[in-house]
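Please consult the sequence and the structure shown below while reading.

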Amino acid sequence: ENMLNQLLNDSLPRVMQDEIHGAIAHLQRLEDHASIVNYASITALPLKKRAEAFWAFRKAWGMYFDALQDRYRGLCVHLGEIPKDYQQTMDDMAELEREVNQLEYQMNHDAQQAYISKSLDEVMSEMGYQVIGNRHVTKKSGKSFTSKLLTYDDGAVVNVTETSTGQITMEIGSTDEKDRVPDANERVALQKKMEQFCVDFQEIEKRLADLGVVLDSRLMMAPPEEMYAQIINLSDYELVEEYRHDTRKHQAAVSNVQRAKVRDE
């Protein structure tokens, strides 16, 4: 009992202090010598060894562990993660180091991705592309992607999709307010626009490079072939109000023309 009392120290983790208090209370209830001897070997002595191991760890690694833990908690706050508890042992410290490295990689990756996205938006805006719609999708797997529709040429749009893994996809398409496949004439027209955009993209790449951004393997572009022609359903996007207003005016004008045609017939 005296040995256990000597172990009590504020530097010990609260859990270990509670274990020692519990061991002392249990020991005081024992009456026969054999039970005391068994309890000493099974519970008290292992507690003593754990306390000594903790102090030895603190002496050798305490400052490093505290700094590592502070870094870990700061990263969790920054990334919105719930921090886990790590014991002050060599095994837990190794696991904590791996977790810090992983979170730092994620933070750097997120910062890099945010800069690329910001630079791409800036370049596209400078070149006259205007955002007309957005959408964000999170799949059951946890992966997510954000798409932006930008004006292009003669009613066509550029659909720029950025995934949570950093992949960027650019596609040319025409628009409608329903899901459908393009007809033959639309496919031919869209192929020409794809070929035109491939030329335009060289200027986009050049301007991004001036900002220190090289898309390299991050970028995926559908080749300028008819089989990749598509109609993009505007109903899947949250349209900017100005474009929504223009679309309504266009639809109203088309409806008026169709009604006039019916009356004439």
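Predicted model: local features only at pLDDT ≥ 70, side-chain atom pairs only at ≥ 80, totals over all residues.

A residue counts as buried when its relative accessible area is under 20%. By that criterion 6 of the 8 residues of strand 2 are buried, so strand 2 is largely enclosed by the rest of the structure.

**Strand 1 and strand 2**

- Strand 1 (residues 131–138) pairs with strand 2 in the antiparallel sense, over 7 bridges.
- Within this pairing, Gly133 stands opposite Leu149 of strand 2.
- The two strands, strand 1 and strand 2, form a hairpin with 5 residues between them. In its turn, Gly142 has a positive phi of about 100°.

**Strand 2 and strand 3**

- Strand 2 covers residues 144–151 and pairs with strand 3 over 7 bridges, again in the antiparallel sense.
- Thr151 has Val157 of strand 3 as its bridge partner.
- A hairpin with 5 residues between the strands is formed by strand 2 and strand 3. Asp154, in the turn, has a positive phi of about 55°.

**Strand 3 and strand 4**

- Opposite Thr161 stands Thr169 of strand 4.
- The hairpin of strand 3 and strand 4 has 4 residues between the strands, and Gly166 takes a positive phi near 100° there.

**Helix 2 and helix 3**

- Helix 2 (residues 14–29) packs against helix 3 (residues 33–79) at an angle of about 160°, and their axes are 11 Å apart.
- Angles over 145 degrees count as roughly antiparallel; helix 2 and helix 3 are therefore roughly antiparallel to each other.
- The crossing of helix 2 and helix 3 is left-handed.
- Helix 2 contributes Met16, Glu19, Ile20, Gly22, Ala23, His26 and Leu27 to the contact. From helix 3 come Ile36, Tyr39, Thr43, Leu47, Arg50 and Ala51.
- By residue type, the contact of helix 2 with helix 3 divides into 8 nonpolar, 3 polar and 2 charged residues.

Key. Residues numbered from 1 in each chain as written. Heavy atoms only, no water. Pairing = 2+ DSSP bridges. Axes fitted to C-alpha atoms, helices over the stretch in contact; angles between N-to-C directions. Parallel < 35°, antiparallel > 145°, perpendicular 65-115°, else oblique. Left-handed = near helix turned anticlockwise from the far one by under 90°. Contact = heavy atoms within 4.5 Å. Nonpolar A, V, L, I, M, F, W, Y, C, P; charged D, E, K, R; others polar. Buried < 20%, exposed > 50% of the residue type's maximum accessible area, 1.4 Å probe, protein only.
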